[in-house]
Amino acid sequence: MLVIKVSEFIKNVKRDLNDPQLRENFRGAMDYLMDKRQAAFTDVDEWATLKEQCKRIKQRCLLKLPHLLEQLEENLQRNGIEVHWAETTEQANEIIAKLIAKEHGKSVVKGKSMVSEEVALNDHLEQQGVECLETDMGEYIVQLAKEHPSHIIMPAIHQNKSQIGKLFVQHIDGFDYSSDVDTLIKAGRNVLRDKFCQADVGVTGVNFAVAETGTLCLVENEGNGRMCSTVPDLHIAITGIEKVIEKLDDVPPLLSLLTRSATGQAISTYFNMITHPRQPGEKDGPKAVHLVLLDNGRSQAFADEELRQTLQCIRCGACMNHCPVYTRIGGHAYGTVYPGPIGKIATPHMLGLEATNELPSASSLCGACEEVCPVGIPIPKLLLRLRKESVKPRADMPQTVKGQGGGRKPVEALIWQLWALVHKSPWLYRWSTKLLTRLSWLMPKNLGPWTTARTAPKPAAKTLHELIGENEKQGKRK
Amino acid sequence: MENSVNIRQYPHKPAQVYLYGTCLVDSFYPQSGLDAIELLTKQDIEVIYPQGQTCCGQPAYNSGYQDQAKAVALHQIKQFELDIPIVVISGSCGGMMRHHYPALLADEPGIQAFCDRIYEFSEFLVHVLNIQLFDSGNKERVALHTSCAARREMGAHETSKKLLEQLSNVELVEHQYESECCGFGGTFAVKHGDISVAMVEDKTKHLLAEDTVRYISGDWGCMMNIDGALAHQKQPLRGEHIASFLLDRSVGDKGE
């Protein structure tokens, strides 16, 4: 497995920017997704109204988060679904491994779940001798290629169809090369079909966990989520604590915005509502259902009113589709499970700012992400906040984000102090800008990263301050 | 059109305004400041340029040094004491002063009243002055690049287009990915130079594809980035500040 580290972000970026095929794959795919989304929101007022409604739903649910989580647990248990709490990724893996071991499970089929990626469940289970097979087509491709998802909705979006054709030739017995999408999907599905019937355990994610009824909602397009959650005897769902919502009535608006924002679909092909395991007299369905609720830094974001907005996310991926940075560097360069704008604001809570300090600054703050976010997360504002936390002195209190000060460089801090000194003193400012214009011939031609692809800007002969001052003097003389 | 700009009540045409020149224009592109003043003066408005103004504080603010940004921002608001509009010839600095000062200077009395006096240049011409432009220039095709803050915080893409549409001999062409960021982003361009370069190279490619002599923008931050890349590529295309362009067209082609 290729390991890409977030701490090597700068290096990863350089590598992926220089891969023209990768650049083309992302640009093409993001253009397609942006067009799809735009076609799904033609009524501006409807979009604005629904966005406001969904933002409020998520904010209301977050405000009541501890209470809703208790209510969810109570109702799920009443329905016969067992609930497990994991503070860390290790705990989540242990819980799931134990549940599988108890049933002597040897093989797992997985529906698409970013939280299972977050805890690196496949790696952990494989170490325990349990085979884990991804059944979402994109995830399946990524697993065959020994990679990680490069997008939270479209895991294999970094590969084009001919690359996938070659991959299938290597890994699927009897597959003759083709780059025809239908042929590729059919070949993949043939492999997966048998695996669903043979697997001991199904693992899925959850899009919305409804506290009022104890219902787990799962949004998907391929039917693999339904297979994973109904065919094997044991179904284990895993999700983050922020996915709890208060009531069933909250689902329709959120679902509508989720599918339209993600892929431009009015609704996904499948929408599963899982409320209990197989009941006496029923012929199918899992005999046992478990839900693992993961914290992994979410409660740190929750504790701060501003940063809490991070948890409003419904994982639609629209922010990455519209991000000019993501479009160019792709999803792997981030070295994080969640790439793109949402990854930049969510990952520091999971991994700390020491490891992730390059992420919040890797944005031009253009605001495209906030514009399309269906739940109104002010992503640029949260990036600014994380930049602030990243350059704060390490010892300053209160410590809101772990790894505070992880991006602080003493020289940079000093430069900004001097900058402030100059720019709050009109005299010093005028003196230094005058100096800059008079000594422009001294200005170096090489300005580091700026001049790798640009010429250096030339200071004017005189500043606007001076020119206006001179004009005013002349005016008075007249 | 998705727009986060709040609906705004515009005042009647004032007798006086302040001009906020921005630090970039001050040291690198002062002609744009002079042109903006001349254009406003032609509309019978007295323009006051406080000599104490420096920088809006955005560079430090965007780098996470909010205390330093705050000190500099506080100094700016003290330079504009009269209760008259403050016209900013950059959407990005305008967005900073109008939309980010309220949170940055939350404990400063009267801060909202100050922010309510901030107008981006094209916004001011269209909505406050209801300006009627006369085009005395030759036929020309131009492209427009609107900075992200100007677009998303100040709605300047709409007002800039309205101004250019008033010019009878000017044909505005839309370049591919017009709404996409040029990759400047202040210190981002230096901290994440590789990404920034990838973005500006795409922007220049799309602008060049329109085959115009100049492109128009209301932000010298973007233009410093785009022009720098164009010059590096030895391309003749250059940006022109919308204030200079409008003045140029209304007094006849300077080249004639």
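Seven salt bridges span the interface of chain A and chain B in this predicted model. A salt bridge here is a side-chain nitrogen of Lys or Arg within 4 Å of a carboxyl oxygen of Asp or Glu. One of them joins B:Glu180 to A:Arg27, with the closest N and O atoms 2.7 Å apart.

On the side of chain A that touches chain B, helix α21 (residues 410-423) gives the most, with seven residues. Helices are DSSP runs of H or I, at least four residues long, numbered from the N terminus. That side of chain A divides into 33 nonpolar, 15 polar and 18 charged residues. Ala, Val, Leu, Ile, Met, Phe, Trp, Tyr, Cys and Pro count as nonpolar; Asp, Glu, Lys and Arg count as charged; the others, Gly among them, count as polar.

The contact (heavy atoms within 4.5 Å) takes 66 residues from chain A and 64 residues from chain B. The area buried between the chains is about 5,600 Å², and carbon and sulfur atoms give 62% of that area. Buried area is the accessible area (1.4 Å probe) that two parts lose on being put together, summed over both. A:Trp416, A:Arg454 and A:Leu464 supply 13% of the area that chain A buries against chain B, more than any other three residues.

Over all chains, zero disulfides are found, a disulfide being a pair of cysteine sulfur atoms within 2.5 Å. A:Cys369 is in no disulfide; its nearest cysteine sulfur, that of A:Cys366, is 6.3 Å away. A:Cys369 counts as buried, because its relative accessibility is 8%. The classes are buried under 20% relative accessible area, exposed over 50% and partly exposed in between (1.4 Å probe, protein chains only). B:Cys23 is also in no disulfide, and the sulfur of B:Cys55 is 3.8 Å away. At 26% relative accessibility, B:Cys23 counts as partly exposed.

A:Cys319 is found in helix α14 (residues 318-321) of chain A. At 9% relative accessibility, A:Cys319 counts as buried. Residues up to four places away in sequence aside, A:Cys319 touches A:Pro341, A:Ile342, A:Cys369, A:Val372 and A:Ile379.

Residues are numbered from 1 along each chain as its sequence is written, and chains are lettered from A and ligands numbered from 1 in the order in which they are written. Local features need pLDDT of at least 70, side-chain atom pairs count only at pLDDT 80 or more, and totals for chains, interfaces and linings use all residues, while side-chain values use heavy atoms, with hydrogens and water left out.

Methods: Helices (H or I, at least four residues) and strands (E, at least two) are DSSP runs, numbered from the N terminus.
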